[in-house]
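Hi,

Here is the structure I promised to pass on to you. Have a look at it first, and then read on for what turned up in it.

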Amino acid sequence: MELFWAPQTRSITALWMLEEAGLPYSRTLIDIRSGPERPADFLKVNPMGKVPALRDGEAMMGETTAICAYVADKARSAELAPTLDDPARGRYLHWLYFRAGCMEAAFGEKLQGWTTDSTAAGWGSFDKTMDVVESAVTPGPWLLGDRFSAADVAMGSSLWYGLYLLKVIEGRPGIEAYVARCTERPAFQRAMAINAAGA
Ligand SMILES: N[C@@H](CCC(=O)N[C@@H](CS)C(=O)NCC(=O)O)C(=O)O
């Protein structure tokens, strides 16, 4: 697998996921900060020109949560995804999609001061999204109880940068405790070391 990435971006999620999976992969740095030009080879993998993106032979994807789901299914022995016939697969998919469908928009609302109609907005509101997430992570240790999964990589990394990079999450001790559990994982720490070296 080849990961196209850039430091201090959503690539942290993909790096963490690949480090949890333990499968071999290579990394290709994409310079997203010096201008709009992107290598043609990379644009074939993600026509949006955004990172992270992953190529595995003929398989190509450019959405962070798709990378999490793909890698978890590929690394079966790492047990990062409930199997298709496991009822836990429902909640697992729920939280994977929640990152893309609710967290991203909730952060946008908070950072950019959007005024929204909470019935029409898919994420309700920033506060509603955070209330729901805090309830989900507070029993712990993970979103699926005792079982760590790719959904924790997707949600945990999003909450990490909501707390410490974007600084939009405040006064949420349950979320802070969950993120602390995430950051204790050796794979998270390896991903952060790669991120720091790339920066
Ligand atoms: N929907 C994408 C968003 C990816 C994204 O916005 N990546 C940013 C970095 S965090 C990027 O590549 N920005 C550079 C650009 O837009 O040119 C995902 O969730 O993976």
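Predicted model: local features only at pLDDT ≥ 70, side-chain atom pairs only at ≥ 80, totals over all residues.

Pro24 sits in the loop that runs between H1 and strand E2 (26-29). Arg55 is 31 residues away from Pro24 along the chain, and 13 Å separate the C-alpha atoms of the two.

Now to the domains. The protein splits into domain 1, made of 2-79 + 188-198, and domain 2, which covers 88-185. Taken over C-alpha atoms, the centres of domain 1 and domain 2 lie 21 Å apart. Eleven residues from domain 1 and ten residues from domain 2 take part in the contact. On the domain 1 side, helix H1 (11-21) and helix H3 (64-74) are the elements that give two or more residues. H1 gives the most to that side, with five residues. Sorted by class, the side of domain 1 that touches domain 2 holds seven nonpolar, two polar and two charged residues.

H5 has twelve residues, which at 1.5 Å a residue should span 16 Å, and its end C-alpha atoms are 17 Å apart, so the two values agree. Which residues of H5 are buried? They are Phe126, Thr129, Met130, Val133 and Val137. Viewed down the axis of H5, these buried residues fall within an arc of 95°, so they line one face of the helix. Asp127 and Ser135 are exposed and sit on the face of H5 turned away from the buried side. As for partners, the buried residues of H5 pack against helix H4 (88-112) and helix H7 (173-183).

Last, the ligand. Around the ligand you will find Thr9, Arg10, Ile32, Gly49, Lys50, Val51, Glu63 and Thr64. By class, this shell is made up of two nonpolar, three polar and three charged residues.

Happy to go through any of this with you at the screen.

Best wishes

Technical notes
Residues numbered from 1 in each chain as written. Near = placed C-beta within 6 Å. Nonpolar A, V, L, I, M, F, W, Y, C, P; charged D, E, K, R; others polar. Domains from an automatic or database assignment. Contact = placed C-beta atoms within 7 Å. Helix = DSSP H or I, 4+ residues; strand = E, 2+ residues; numbered from the N terminus. Expected span 1.5 Å × (residues − 1). Buried ≥ 20, exposed ≤ 12 C-beta atoms within 10 Å, placed from the backbone. Arc of directions from axis to C-beta.
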